[in-house]
Amino acid sequence: YADMLHDSDRNEKYYMAIKKAIDEMHSRNKKAHVLDIGTGTGLLSMMAANCGADTIVACEGFPPMAEIAKCLIQDNCLVDKIKIISKRSTQLRVGIDLEHKANILVTEVFDTELIGEGAIETFNHANEHLLEDDAIVIPWSARVYCQVIESDLLQSANKIRPKFLVPLGSELRLPRAMINCPGTCGVHDIQLDQIHPNDVKILSPPLQIFKYDFCKSEIPYDETNKITFEALTSGMCTSVTFWWELDMDSTGETVISIAPSFVKSTPWRDHWMQAVYHLQKFLPVKQSAQLEIVASHDKYSNFFHLFEKQSTKRAEELRPPSCTCGLHTSTSRTRLMAVNDISRWHKYLKVLANLPRLSIALYIGDFSLLPFAVASIAHKVYCIHENPISYNVMESIIEENNLSDKVILLRKYDKVMIEGDADVVLSEPYFRDTIYPWDNCRIWFMWQSMASKHTIILPSICKIYALPLQLDHLHKIRSPCRQVCGFSLHAFDKLIEKSSERSDNDVETQPLWEYSGIALSMPSLMAEYNFQEPPPESMIINQGGLDIAHEGTCNGVAIWIDWLFGEETITTGPISAVIPGESVQWDKGTRQGIYFIKHIPPNVVPGSRITHEVTLDPVAGNFLFDFHMKQENTE
């Protein structure tokens, strides 16, 4: 909710549309009866009350949120003007919940796909059962757009490379079913503005694919439109970018847009991002070629097909993508980007090139191609693969490369199943169920029973780093609202703060490459752990500090981990040198930790110091982080 409430463009345009609708009803000599569906904090209802609505009914399907709305309405002295009902709108009944039908509907039930939160059903039910025939609906309509692009970067989150080089000049082949699999139908929501222009080639103009008239009595649940266009340049059509715009009133004068910046300038948002849909089949095109995109939606989602000539296929023959190989249902898009990262892969190959010929290798972790590379220099590789979801995926790669006699999958560690002592125990490390990068330190505790004193352990060391940031926008997701459009939301802030203290970790993970900001210092080493030593039995506390080198507002501290494989380092953090005062280039194959500075973010200047502390608790199996601002000169 916080990011949405900080969206001043959204708030102001809803406010304008609400005032215009109420004034319009009064100009018709009618009372303005407002229905607010999915009221959340009650903000839109309070706007309606301020604009002179005669009656206001607000419904909220999530009971705890309905209680918050009641508190905020009371705090803003609007209890006598707004009625809160803790029900979904489709459960409302005129004559029971509503005294009469409403003639103004205001709602914000949209997500990145526009319809993913059930917007079609919400509007259809309201128009049929809850609204007068001449009701004003806010927003009035929506226009949906797409653009065909070529992007190897985005495709690396959906398609796995067909081959990978492994030691001794061999190649690892991926199964054809995996290479050709279209992936899943789930939307890939992303901050498109943060993708470097060199990583995207635009192959079509913006194309309007759907228009939703929310004031109509029946919006189709299933719809397919075909749009012909001319390719702007030659390239390989791999993906479709997607965004929408809301016309807040019937004139189209007030518009909320989530278009990417290469289409038009729009405010930053995180509650609404752009979407990417990956085409099921790539299509090479020449400049000026005539193409046809077939856009379809069902009740909740969208999907696309692209053809070089006009398609003769019927709409019911064009299905949404569905993973048939198991990889896409068991592996996140972020993880696929890591697996497809050739620079990372080459580092692994350098590590293996420095190892002696191995008899027995032991690999621990979930989906990875590293054990197959190890198989080139080992007699046998035992792969401890406890996750059943990706077990079959690993089996299919073994079968494709005829490695059943060299790569042995074990669902759990069993020394009886292993022919001898392991020469090397290694991991990327990656486990599917981890949240934070440092959660993968579990390998330290896992492989102590698996290694002898002569066993090579990789990675041998891990290092945890921190970097203070001045974030442009990301911090807003944790920032208090205080006042929005003149309405007090202090009670909401207090409730969120108390809830966060009980349930939220001080650190959350984000793909920081999608969020702009600058570094305020050089990275600071918070802790270093040697995996060749026995894991601790009691808490380890490391303390240090971040010396500010650039003036700014510190509203977040990035935290990541580096894995040391001998001379090679696999980082989950910056992939190039950090320069204070400049943006940071983050690894895209992992999510970094971000510690949001609580309360008022401090202004920092060179000479300021942020102290840090990290505690490894081996009993609880977690890490605790703490940061404090110290205004002192370090010179």
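In the predicted model, the side chains of Glu 121 and Lys 299 form a salt bridge with an N to O distance of 3.8 Å; the term denotes a side-chain nitrogen of Lys or Arg within 4 Å of a carboxyl oxygen of Asp or Glu. Glu 121 belongs to helix α5, whereas Lys 299 sits in the loop between β16 (290-297) and β17 (302-307), so the pair ties together parts that are 178 residues apart in sequence. Helices (H or I, at least four residues) and strands (E, at least two) are DSSP runs, numbered from the N terminus. With a relative accessibility of 24%, Glu 121 counts as partly exposed, and Lys 299 is partly exposed with a relative accessible area of 29%. Buried means under 20% relative accessible area, exposed over 50%, and partly exposed in between (1.4 Å probe, protein chains only).

Side chains of opposite charge can pair when their charged atoms come close. By the rule given above, the count comes to 26 salt bridges. One of them joins Glu 108 to Arg 10, with the closest N and O atoms 3.2 Å apart. This pair links distant parts of the chain, 98 residues apart: Glu 108 is in the loop between β4 (102-107) and α5 (119-130), and Arg 10 is in helix α2 (residues 8-27). Glu 108 and Arg 10 are buried.

Another salt bridge connects Glu 428 and Arg 335, whose closest N and O atoms are 2.7 Å apart. Glu 428 lies in the loop between β21 (424-426) and α13 (442-446), and Arg 335 lies in helix α9 (residues 333-339), so parts that are 93 residues apart in sequence are tied together. Both Glu 428 and Arg 335 are buried.

The domain assignment, which is automatic or taken from a database, divides the chain into domain 1 (1-138), domain 2 (142-324), domain 3 (333-456) and domain 4 (461-629). The C-alpha centres of domain 1 and domain 3 are 54 Å apart. An unreviewed UniProt entry annotates residues 184-296 as "domain: Protein arginine N-methyltransferase"; UniProt positions are given in the numbering used here, feature names are shortened, and annotations may be inferred rather than shown by experiment. That span, residues 184-296, is 0% helix and 49% strand, and its end C-alpha atoms lie 15 Å apart.

Residues are numbered from 1 along each chain as its sequence is written, and side-chain values use heavy atoms, with hydrogens and water left out. As this is a predicted model, local features need pLDDT of at least 70 and side-chain atom pairs count only at pLDDT 80 or more, while totals for chains, interfaces and linings use all residues.
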